[in-house]
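Hi,

Here is the structure I promised to pass on. Have a look at it first, and then read my notes below.

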Amino acid sequence: MAERKEMNVTLIRHTLQPEELAALGARLCYSKATISSLSEKISSQDQSAFIDKLLNMGHESIFEHASFTFGIEGVSRVLLAQITRHRLASFSVQSQRYVSYEKGFGYILPPRIEALGTEAVARYEAQMNQIEEWYREWQGLLGQGERSNEDARFVLPNACETRILLTMNVRELWHFFSLRMCSRAQWEINDLATKMHRLCLEVAPDLFSHAGPACLRGKCPEGEKTCGRMEANRAERKELLKSIGKEH
């Protein structure tokens with residue numbers, strides 16, 4: 001039977017001391033000192049003010065040295081189609097060719113459908129179960145193994161769950177957050193970006209305190225399509241930074 005899934009995001013790995021690494025890259029560009037001496041000096045000092053200065057200067061290439069890897073589960077193929085548009089990232093995705101769903105597939109329930117009530121949810125679930133039956137029917141007609149799966153999967157819905165291992169460097173994460181944490185972004189990828197940002201913020205607050213929708217730092221880029229939440233977004237971010245002791 002098809003089974004409803006919820007999003008789960010974990011930070012699998014990240015560059016150690018990413019702020020120090022960025023500071024090392026920046027200081028190396030303008031110093032005669034050796035890398036080892038610069039590294040020793042940087043590790044013995046707080047780099048928060050220097051990181052802020054670099055961000056304000058727009059000196060962003062140095063932040064590409066640090067990367068973060070996330071494990072993402074309970075997301076739809078709809079999200080997969082969107083997130084792979086971010087080309088400066090590395091993806092490993094659960095295959096619908098090598099992984100068989102003969103015992104049922106996971107699916108994502110959109111909040112607006114859930115908000116319609118129990119009857120609407122039951123109808124949606126019945127549709128997922130019907131698709132599962134069609135999938136198994138095609139598997140039976142096509143035989144077993146990957147050759148069967150690769151064609152039977154054509155009847156699977158965009159709601160079908162997938163799992164992703166995702167790696168982005170800090171600079172690309174800023175770009176990702178600026179687009180996908182915007183209130184106008186599609187709800188699922190907005191939720192993912194928000195969860196990823198919070199995980200990054202816990203590890204490297206100096207790098208991610210001001211990462212997020214563009215309206216946190218300036219004028220809303222959406223023009224007439226603005227959501228009108230710029231001030232609310234800024235107030236929420238101020239409270240978030242206060243809660244982690246990073247209010248400026």
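**Salt bridges and the rest**

Lys 5 has a relative accessibility of 23%, so it counts as partly exposed. Keep in mind that this is a predicted model. Lys 5 pairs up with Glu 3 in a salt bridge, where the closest N and O atoms are 3.6 Å apart. Glu 3 sits at 46% relative accessibility and is therefore partly exposed as well.

A second pair turns up in this stretch of sequence: Arg 4 and Glu 6 form a salt bridge through their side chains, at 3.3 Å from N to O. Glu 6 comes out as exposed, because its relative accessibility is 55%, whereas Arg 4, at 30%, is partly exposed.

Which salt bridge ties together distant parts of the chain? Take Glu 222 and Arg 184, whose closest N and O atoms lie 3.2 Å from each other. Glu 222 belongs to the loop between H10 and H11, Arg 184 to the loop between H8 and H9, and the two are 38 residues apart, so this pair links distant parts of the chain. Both partners are partly exposed: Glu 222 at 29% relative accessibility and Arg 184 at 44%. There is also a network, in which Arg 97, Glu 146, Arg 147 and Glu 150 are joined by salt bridges that share partners. The search of the whole structure gave 14 salt bridges.

Now the overall picture. The chain has 248 residues, and 41% of them are buried. It holds eleven helices and six strands, and its C-alpha trace spans about 70 × 40 × 30 Å along the principal axes. If you count contacts with a separation of 6 or more, 76% of them are between residues 24 or more positions apart.

Asn 8 is in strand S2 (residues 8–14), and it is partly exposed because its relative accessible area is 36%. Leaving out residues up to four places away in sequence, Asn 8 touches Gly 71, Ile 72 and Glu 73.

Where do the buried residues of helix H8 pack? H8 covers residues 170–180, and eight of its eleven residues are buried. Among them are Leu 173, Trp 174, Phe 176 and Phe 177, but also Glu 172 and Arg 180. They pack against helices H3 (48–57), H4 (77–83), H9 and H10 (205–208), plus strands S3 (67–76) and S6 (161–169).

H9 (residues 187–203) packs in turn with H11 (residues 230–243), at an angle of about 35 degrees and with the axes 12 Å apart. The crossing is right-handed. On the H9 side, His 197, Arg 198 and Leu 201 meet Arg 237, Leu 240 and Ser 243 of H11.

Last, the surface. Trp 134, Trp 138, Leu 141 and Leu 142 make a nonpolar patch of about 430 Å². Trp 134 is found in helix H6 (residues 118–142) and has a relative accessible area of 41%, so it is partly exposed.

Cheers

Definitions and conventions: Residues are numbered from 1 along each chain as its sequence is written. This is a predicted model: local features need pLDDT of at least 70, side-chain atom pairs count only at pLDDT 80 or more; totals for chains, interfaces and linings use all residues. Side-chain values use heavy atoms; hydrogens and water are left out. Patches are made of residues with over 30% relative accessible area and no salt bridge: like charges are joined within 9 Å, nonpolar side chains (Val, Leu, Ile, Met, Phe, Trp, Tyr) within 5 Å. Accessible areas come from the Shrake-Rupley method with a 1.4 Å probe; for residues, only the protein chains shown count as cover. A salt bridge is a side-chain nitrogen of Lys or Arg within 4 Å of a carboxyl oxygen of Asp or Glu. Helices (H or I, at least four residues) and strands (E, at least two) are DSSP runs, numbered from the N terminus. Buried means under 20% relative accessible area, exposed over 50%, partly exposed in between (1.4 Å probe, protein chains only). Axes are lines fitted to C-alpha atoms, for helices over the stretch in contact, and angles run from 0 to 180 degrees between N-to-C directions. A crossing is left-handed if the near helix is turned anticlockwise from the far one by less than a right angle, and right-handed if clockwise. Contact means heavy atoms within 4.5 Å.
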